[in-house]
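Subject: Structure handover

Hello,

Here is the structure I promised to pass on. Please open it alongside this email.

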Amino acid sequence: MTSPRKHLVKDFNHFITCYVCKGYLIKPTTVTECLHTFCKSCIIQHFEDSNDCPKCGIQVHETNPREMLRLDNTLEEIIFKLVPGLREKEQQQEIEFWRSRKWKENGEDGPRSKRSRLDDDDDDDDGGDGDYHRSDPQIAICLDCLRNSSLVGENIVKGLMKKFIRCSTRVTVGTIKKFLSLKLKLPSSYELDVLCNGEIMGKDHTMEFIYMTRWRLRGETAYPMVLEYRPRIDFG
């Protein structure tokens, strides 16, 4: 009786490699129109210049193809199980990516002294020992008050004295809203909208997700990422 043939990782390469970069799929992201899957960063970068699927050429969306993307977490876990060490390698590369793009610690005019952090602000003297994701990749953000005299509550929502912060890329919009409410001393029932490039961000969006999918600037002008806030507008 012959023993069953053992499959090698290369036997599955057709299913777990990216058509664009030819490497293993990192944060596999599927185009819902044609069900082709690519690395998240590869397909987002491709959609900067084209609205078509890079593999089959179908038009994904007339104006905003990113709306037709969906992360495939199940496939990601399968790939990490098939390829030893890939998860650890990717996590290290992600940390190095964010470190290389955050504010320079010893830049001119001491930029660190001009920014507050969500987990280490001058007004926070509770002396807690919480970790607050200090070991996570960090991102620099500018929180701007979106002023409009026609908005109800404009007299309550003001600009921050220190509008530059540095926080974990895993921080969500919901956490940013709580931070703003505390700093602006808003009533607990008061709600804010947080926007990026004029688009209202969902409370569960992370800073990494917003940077990768909504923040349009790249290169030297990409930092800090600017988020705007205003009194919540009820469109109902």
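Below is what I found, taken region by region.

First, a caution: this is a predicted model. Please read everything below with that in mind.

**The core**

Start with the largest nonpolar core, which has 50 residues. Six of them touch the most other members: I141, L143, L180, M207, M225 and L227. Where does this core lie relative to domain 1 and domain 2? Domain 1 covers 9-82, and domain 2 covers 138-148 + 157-231. Both give residues to the core, so it lies between them.

Setting aside neighbours within four places in sequence, I141 is in contact with K163, F164, I165, C167, M207, P224, M225 and L227.

The strands around I141 come next. Strand β5 takes in residues 138-145. It pairs with β6 in the antiparallel sense, over five bridges. Across that pairing, I141 stands opposite I165 in β6. Strand β6 itself spans residues 164-168 and is mostly covered. Four of its five residues are buried.

Now move to β7, residues 192-196. Is this strand mostly covered or mostly exposed? It is mostly covered, with five of its five residues buried. In a regular strand, side chains alternate between the two faces of the sheet. In β7, L192, V194 and C196 point one way. D193 and L195 point the other way. All of these are buried, because each has under 20% relative accessible area.

β7 has two pairings to look at. With strand β9 (residues 225-231), β7 runs antiparallel and is joined by four bridges. There, the bridge partner of D193 is R230. With strand β8 (residues 199-200), β7 pairs in the antiparallel sense over two bridges. C196 stands opposite E199 in that pairing. β7 and β8 form a hairpin, with two residues between them. In the turn, N197 has a positive phi of about 55 degrees.

**The three-stranded sheet**

There is an open sheet of three strands, in the order β2-β1-β3. The pairing is antiparallel. Which strands stand at its edges? They are β2 (37-39) and β3 (69-71). Each has a single partner strand, so one side of each is left without a neighbour in the sheet. From one strand to the next, the twist averages 35 degrees.

Strand β1, residues 28-31, pairs with β2 over three bridges. T29 stands opposite F38 in β2.

**The annotated span**

UniProt, in an unreviewed entry, places the feature "domain: RING-type" at residues 18-56. In the model, the end C-alpha atoms of that span lie 13 Å apart. The span is 18% helix and 18% strand.

H36 sits in the loop between β1 and β2. H36 is partly exposed, with a relative accessible area of 22%. H36 and P54 are 18 residues apart in sequence. In space they are 9.1 Å apart, C-alpha to C-alpha. Not counting residues up to four places away in sequence, H36 touches T29, T30, V31, C53, K55 and C56.

Most residues other than glycine have a negative phi. K22 has a positive phi of about 70 degrees although it is not a glycine. K27 also has a positive phi, of about 50 degrees, and is not a glycine. How exposed is K22? K22 is exposed, with a relative accessible area of 58%. K27 is partly exposed, with a relative accessible area of 22%.

**A buried glutamate**

K27 leads on to E208, which counts K27 among its contacts. E208 lies in helix α6, residues 207-213. E208 is buried, with a relative accessible area of 15%. Leaving aside neighbours within four places in sequence, E208 is in contact with K27, E94, W98 and T169.

Best wishes

Key
Residues numbered from 1 in each chain as written. Predicted model: local features only at pLDDT ≥ 70, side-chain atom pairs only at ≥ 80, totals over all residues. Heavy atoms only, no water. Core = buried A, V, L, I, M, F, W, Y, C linked by side-chain atoms within 4.5 Å. Buried < 20%, exposed > 50% of the residue type's maximum accessible area, 1.4 Å probe, protein only. Domains from an automatic or database assignment. Contact = heavy atoms within 4.5 Å. UniProt positions renumbered as here; feature names shortened; annotations may be inferred. Pairing = 2+ DSSP bridges. Axes fitted to C-alpha atoms, helices over the stretch in contact; angles between N-to-C directions.
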